[in-house]
Amino acid sequence: HHEGALNNTFKYQVYSAIVISIIQLITLYFLGRKLTAVQLGIFGVYQMIFRFAFAVFEPGMFASLIQKHEISQKLLHYLKRFQYIIFLIFVVVLLGLFYQQWIAFGVEAIVLVISILVSAAIAFGSLYHARLILVNKQFEIAVLFTIAHSIEFILLFSMLQFLPEIYCFTISLLVRFCVFYIGCYYLVRKTKIEYSVPSIELNEHRNYGLNYCLMQGLSYLQGIYDNILIALLFGPAFFGIYVLACELSYFVFSKINPLFNKSYFPVLTSKIKHKEESFTMIQSVFESFLYVVVPIYLFLFFQSGTILHWLYPDKANDLLMPFQYFLLIAFVKSLTNLVFTMYLAYGKTKEIFIWNLIIAITNYLFVFIFFIVKVDYERFMLFMLLYSILVLIILSVKLFSLLDLHGFSKITFMRLSIYIAFSFLSIFAFYYYGFNFIISSLLYLICVLSLFYIVNKQKFLDLLSFKIV
């Protein structure tokens, strides 16, 4: 039952992700071409604000509904109250404490207003998204995501004819979130949801939700310490190039990680709740994840020069170094994200909150030190890579301490090792011998798929059928 639900969810998410990825790649292409470096820096600030809101409020206080698989009218009203109070605090802090800094950085007031409206849509709409996840309406959610992104895309290119570019990109993003959450609200109204018995522990849900919001907020803040340092040290123009390199290199992360997380998280929490064995599923999810992402990151790293010169000929030279470092960091962080979400499924919100608090303090201590000594760009990127590896190791140890590792498969490990090693050798050979980009890409694809089929035929066929366990 659990595996079937997981694989169905994964299938729906894949279909949606393919359409959305195509739309967002085209949008990212025009974003880099239409906006100047300074405008990219301003758009980067806009993204930092609404992504922080997304981290805190989606699903925010309503995360406990999904984790505990409980719901009642009284509980919903109770959690909504806290969600809206946190949002008000968010707005007061954002505008009250940092308004002058945003304006000094060149961020227009209207862009700040739009960022607040996007944040409000997330804070108020996430309840309906969480309720749909609770009743496993993954197909409907995937369709809504696709529709919302399609409307954003159409609106963006309509507005580019008569509005300044920075307004087009910010307003179309606001419309995307509004369309999605209005759709979620409509589906919830049409869906019959069975409410749990009234003996729900409200305080448990409140504590879980508050810990989740604090944990996600801290996690996001500790993750953007580099953006803050780069903006402070080098200004909006350099920050704009940095943001574009980051967006490109994290594109795979932003598509594939949510695909896996949304698919297995509700199922894994259910298994844990019912005290069922979970290590086999976790191992299978990791295995599927690595088979998919490793060849993609290898290809992007070795072909980065060609890709960047084709996408942004005027910015390619400035983008190359940060893009390659970001690809390595994104790969490490994609594994960290998977581990983090699994750890969260065990309800360890308090432990993760403490962990994120320590990491956030450490990160901003480094920001202070690097700002004082005026660290150079490349050394800072190297530091971020090594630091992300250390965080992955520590978090992995914490997750594995919760698991019974007797089911670990040495055969699985050997197959993956062979697959990764030969994927690396094939892309390196095509790159070293200077093959044409299109020819080398096709040859690499054939090599990777053939190798996958040879080393693990069953997993290859499973993934073709959208089965991750």
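Phe 370 counts as buried, at 12% relative accessibility (buried means under 20% relative accessible area, exposed over 50%, partly exposed in between, with a 1.4 Å probe and protein chains only). Phe 366 counts as partly exposed, at 25%. This is a predicted model, in which local features need pLDDT of at least 70, side-chain atom pairs count only at pLDDT 80 or more, and totals for chains, interfaces and linings use all residues. Residues are numbered from 1 along each chain as its sequence is written, and side-chain values use heavy atoms, with hydrogens and water left out.

**Aromatic pairs**

- The whole structure holds 52 aromatic pairs (rings of Phe, Tyr and Trp, the last by its six-membered ring, with centres within 6.5 Å; planes under 30 degrees apart count as stacked, over 60 as edge-to-face and the rest as tilted).
- Phe 50 and Phe 177 pair edge-to-face, with 5.8 Å between centres and 65 degrees between planes.
- Because Phe 50 lies in helix H2 (residues 37–57) and Phe 177 in helix H8 (residues 165–190), their pair ties together parts 127 residues apart in sequence (helices are DSSP runs of H or I, at least four residues, numbered from the N terminus).
- Both Phe 50 and Phe 177 are buried.
- The rings of Phe 366 and Phe 370 are stacked, because their centres are 5.9 Å apart and their planes at 20 degrees.
- Phe 366 and Phe 370 are 4 residues apart in helix H15 (residues 349–373), about one helical turn.
- The charged end of Arg 176 sits over the ring of Phe 177, 5.3 Å from its centre (NZ of Lys or CZ of Arg within 6 Å of the ring centre and within 35 degrees of the ring normal).

**Core and contacts**

- The largest nonpolar core has 168 residues (buried Ala, Val, Leu, Ile, Met, Phe, Trp, Tyr and Cys joined through side-chain atoms within 4.5 Å).
- Helix H14 (residues 316–345) gives this core its largest share, 17 residues.
- Phe 380 is among the residues with the most contacts inside the core; leaving out residues up to four places away in sequence, Phe 380 touches Phe 370 and Tyr 242, among others (contact means heavy atoms within 4.5 Å).
- Ile 66, in helix H3 (residues 63–68), is buried at 7%.
- The C-alpha atoms of Ile 66 and Ile 133 are 7.2 Å apart, across 67 residues of sequence.

**Helix H17**

- Buried residues of H17 include Leu 416, Tyr 419 and Phe 430.
- Helices H12 (279–302) and H18 (437–455) are included in what covers the buried residues of H17.

Technical notes:
Helix = DSSP H or I, 4+ residues; strand = E, 2+ residues; numbered from the N terminus.
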